[in-house]
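Please keep the sequence and the 3D view at hand while reading.

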Amino acid sequence: SEVVNPPVDVEHFLSLPRAKAGHYLAFGRVVPYKRVDLAVAACSALGRELVVAGDDRALEAVRARASGGVVEFAGKVSDARRDELLGGARALLFPGEEDFGIVPVEAQAAGVPVIAYGVGGATETVRDGVTGTLFGAQTEQDLAAAIERFEASDLDEQEIRANARRFGRARFRAEMAAVIARAAGV
């Protein structure tokens with residue numbers, strides 16, 4: 001079998017300006033498997049500002065993990081607010097396991113590094129030490145350590161954006177056409 005990763009609208013995010021980075025960002029549905037609770041717990045323990053943009057059935061349990069007044073729960077946000085939050089984010093926190101993960105690619109297209117659980121799709125989309133930081137265990141301690149490793153690194157915004165280009169729509173169309181042509185024997 002051949003894998004063709006889904007298309008991501010990187011073109012929109014490539015043009016977003018970066019502001020002075022201040023907060024970490026957790027973005028998307030707040031459901032148990034996305035492990036937003038780890039992002040909240042790690043940032044609370046480290047005293048790092050975190051914005052959680054999204055809501056869903058696990059929101060109240062995640063809210064209960066917040067302490068120290070460093071976590072803002074923005075709820076579901078508009079596309080314009082999403083872009084603003086991305087523009088000012090130090091990094092996207094992505095502690096869940098996904099088959100692919102479109103949000104980390106969108107973040108990188110916006111020049112935002114990604115701190116992600118190092119399994120599944122994150123291992124294909126995030127280049128450890130180049131476009132972000134991967135961590136090995138889904139624990140508050142491992143995520144906190146990854147945040148601190150990230151803060152000691154110096155990542156290049158243009159290299160982060162360039163990495164995201166690999167997942168654009170044109171690449172998807174070309175790869176799908178090639179797979180279909182091979183299957184058809186053309």
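The text below covers a strand and its partners, then the aromatic pairs, and then two further residues. The model is a predicted one.

**Strand E1 and its partners**

Strand E1 covers residues 23-27. Of its 5 residues, 4 are buried, so E1 is mostly covered. E1 runs parallel to E4, and 3 bridges join the two strands. Within this pairing, Leu25 has Leu92 in E4 as its bridge partner. E1 also pairs with strand E2 (residues 50-53), again in the parallel sense, over 4 bridges. Here Ala26 stands opposite Val52 in E2. Helix H2 (residues 36-46) belongs to this part of the chain too: E1, H2 and E2 make a right-handed β-α-β unit.

**Aromatic pairs**

A pair of aromatic rings is described by the distance of the centres and the angle of the planes. The model has 3 aromatic pairs. Two of them are listed here, including one with a residue of E1.

| Pair | Distance of ring centres | Angle of planes | Class |
|---|---|---|---|
| Tyr24 and Phe150 | 6.3 Å | 70° | edge-to-face |
| Phe100 and Phe167 | 5.6 Å | 65° | edge-to-face |

Why do both count as edge-to-face? The planes are at 70° for Tyr24 and Phe150 and at 65° for Phe100 and Phe167, and the class calls for planes over 60 degrees apart.

Tyr24 lies in strand E1 and Phe150 in helix H7 (residues 140-151), so this pair ties together parts that are 126 residues apart in sequence. Tyr24 is buried, because its relative accessible area of 0% is under the limit of 20%. Phe150 also counts as buried, at 9% relative accessibility.

The pair of Phe100 and Phe167 links distant parts of the chain as well, 67 residues apart. Phe100 sits in the loop between strand E4 (89-94) and helix H5 (102-109). Phe167 is found in the loop between helix H8 (157-165) and helix H9 (169-184). Both Phe100 and Phe167 are buried.

**Two further residues**

Another ring, that of Phe73, has a charged residue over its face: Arg63 lies there, at 4.7 Å from the ring centre.

Asp83 is part of helix H4 (residues 79-87). Is Asp83 buried or exposed? Asp83 has a relative accessible area of 14%, and is therefore buried, since the limit is 20%. The side chain of Asp83 makes a polar contact of 2.9 Å with the side chain of Arg82. Apart from neighbours within four places in sequence, Asp83 is in contact with His12, Phe13 and Leu16.

Conventions. Residues are numbered from 1 along each chain as its sequence is written. This is a predicted model: local features need pLDDT of at least 70, side-chain atom pairs count only at pLDDT 80 or more; totals for chains, interfaces and linings use all residues. Side-chain values use heavy atoms; hydrogens and water are left out. Buried means under 20% relative accessible area, exposed over 50%, partly exposed in between (1.4 Å probe, protein chains only). A polar contact is a pair of N or O atoms within 3.5 Å; within protein, one must be able to donate a hydrogen and the other to accept it, and residues adjacent in sequence count only if both atoms are side-chain atoms. Contact means heavy atoms within 4.5 Å. Rings of Phe, Tyr and Trp (its six-membered ring) pair if their centres lie within 6.5 Å; planes under 30 degrees apart count as stacked, over 60 as edge-to-face and the rest as tilted. A charge sits over a ring if NZ of Lys or CZ of Arg is within 6 Å of the ring centre and within 35 degrees of the ring normal. Two strands pair if DSSP finds at least two bridges between them. A crossover is right-handed if, with the strands pointing away from the viewer, the path from the first strand over the helix to the second runs clockwise.
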